[in-house]
Amino acid sequence: MDRVTGAIQEKLRRLKYNYQLLFHPEKIEIPEGLSKKDREKRVRQIYLDKAKLHQRLGAKQFQKFIRKFDSYKYKFIKKVIGEERVLKYSDASIEKWGDQQLKKVKSPEEQQKIMEEMKRAKIQVRNQLKEERSSNYWLGVDRRIVEFPKYLISNKRIHQACLVRNGIILGGCMIGSFFGLPLVPLVVLGGYQIIAGFKNLQCINNQEYGLARYKAMEKAIVKRNMRQMKKEHDENQDLIKDIRRAREAGKSLDNLDDILNCLTTIESVKQFRKLLVQGIQPGMVVNLQSQNLEASQLKMEHSLPRETDKTLEELIAPPLNQTEEKPAVAVKK
């Protein structure tokens, strides 16, 4: 009897744990008295468990669909719609958003921030066209890796709203059939809502999968991102000097021609060309504060083991052609 009771309690505990993993991982109880290091390990393990659960619900399989969908979508954009037309429309949309936001600003700092966001948004559209991948699903399309969760959360909210709409329309179809409305249109419309609802559920599941993996490796991601930023800063000193000199002189740097006109040495031109080839925004490198970056990196070096870099590569940025179904990081049962 005790064994049966124990088994039932264990199953209930697992059900509660899985429910919390899906909807409220932050509410999972962590034992008191743990050291800071052990507590961080426990939090990391929770998010690894969450990622594994979403993977079992189909997240990794759905990524194959997303990859193919992105491939067809961007081929259609390039061959049928045309990149220039898409960029013209997206730039106009971004500028319209920016104009609306600029009307609300109360300080020069806020104005500068919005202008930078507009530039980054335009660059991001071009990055997606170049790589034929959506920044809402794939880490690294936006090279500011620490911004990745924002894309996931934004996209998840869109699909959640779509899922609610699917439910409302499907419910309307069922009520309509009850009152004797034509059955065939209702079946077609209702059937589409079921398919669309499943797609939206899997998109949400995929976003949660990505967020859980990111959360599990957040410190390692920040560490690697800072190290890469410092490397780019150190490798582009000539370019940085020329651009800063132009800014201090009040020159416009809103487009490529403006930046090229301010370059004074061959090394600056080479560094600028290299950044363009790599798809990195020059302003992101120029704006780095070396001393703050070095201090932050030094703090990270002491708080995070080196071996996490390899785990980070395998967990966060798997190869695009990866097909194995095993999780990149083993999760303890």
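Buried residues are those with under 20% relative accessible area, exposed residues those with over 50%, and partly exposed residues those in between (1.4 Å probe, protein chains only). The structure is a predicted model, in which local features need pLDDT of at least 70 and side-chain atom pairs count only at pLDDT 80 or more, while totals for chains, interfaces and linings use all residues. Residues are numbered from 1 along each chain as its sequence is written, and side-chain values use heavy atoms, with hydrogens and water left out.

The protein contains 14 helices and zero strands, where helices (H or I, at least four residues) and strands (E, at least two) are DSSP runs numbered from the N terminus. Of the 333 residues in the protein, 38% are buried. With contact taken as heavy atoms within 4.5 Å, residues 24 or more positions apart account for 70% of the contacts with a separation of 6 or more. The accessible surface comes to about 21,600 Å², and carbon and sulfur atoms hold 59% of that area; accessible areas come from the Shrake-Rupley method with a 1.4 Å probe, and for residues only the protein chains shown count as cover.

Side chains of opposite charge can pair when their charged atoms come close. A salt bridge is defined here as a side-chain nitrogen of Lys or Arg within 4 Å of a carboxyl oxygen of Asp or Glu, and the count by this rule is 14. One of these bridges joins Lys78 and Glu132, with an N to O distance of 3.0 Å. This pair links distant parts of the chain, 54 residues apart: Lys78 belongs to helix H3 (residues 59–81), whereas Glu132 is in the loop between helix H5 (108–131) and helix H6 (148–178). Lys78 is partly exposed at 29% relative accessible area, and Glu132 is likewise partly exposed at 22%.

Other bridges lie within a single helix. Glu235 pairs with Lys231, the closest N and O atoms being 3.0 Å apart. Both residues are in helix H8 (residues 218–235), four residues apart, or about one turn of the helix. Glu235 is partly exposed, with a relative accessible area of 35%, as is Lys231, with 44%. In helix H9 (residues 237–248), Arg245 and Asp242 are three residues apart and separated by about one helical turn; their side chains form a salt bridge at 2.7 Å, N to O. The two partners fall in separate accessibility classes: Arg245 is partly exposed at 47%, but Asp242 is buried at 3%. Salt bridges also link Lys50, Lys156 and Glu208 in a network.

A disulfide requires a pair of cysteine sulfur atoms within 2.5 Å, and the count by this rule is zero. For Cys162, the closest cysteine sulfur is that of Cys203, at 9.0 Å, which is too far for a bond. Cys162 is buried, with a relative accessible area of 18%. Cys173 is also buried, at 6%.

A nonpolar surface patch of about 400 Å² is made by Val4, Ile8, Leu12 and Leu15. Patches consist of residues with over 30% relative accessible area and no salt bridge, with like charges joined within 9 Å and nonpolar side chains (Val, Leu, Ile, Met, Phe, Trp, Tyr) within 5 Å. Val4 is placed in helix H1 (residues 2–23) and is partly exposed, at 49% relative accessibility.

Two further aspartates were examined. Asp142 is located in the loop between H5 and H6 and is buried, with 8% relative accessible area. Leaving aside residues up to four places away in sequence, Asp142 touches Gln124, Glu147 and Tyr151. The side chains of Asp142 and Tyr151 are joined by a polar contact of 2.6 Å; a polar contact is a pair of N or O atoms within 3.5 Å, of which, within protein, one must be able to donate a hydrogen and the other to accept it, and residues adjacent in sequence count only if both atoms are side-chain atoms. Asp142 is 14 residues from Gln128 in sequence, and their C-alpha atoms are 8.4 Å apart in space. Asp99, in helix H4 (residues 83–102), is partly exposed at 44% relative accessibility. Asp99 and Met115 are 16 residues apart in sequence, with a C-alpha to C-alpha distance of 9.5 Å.
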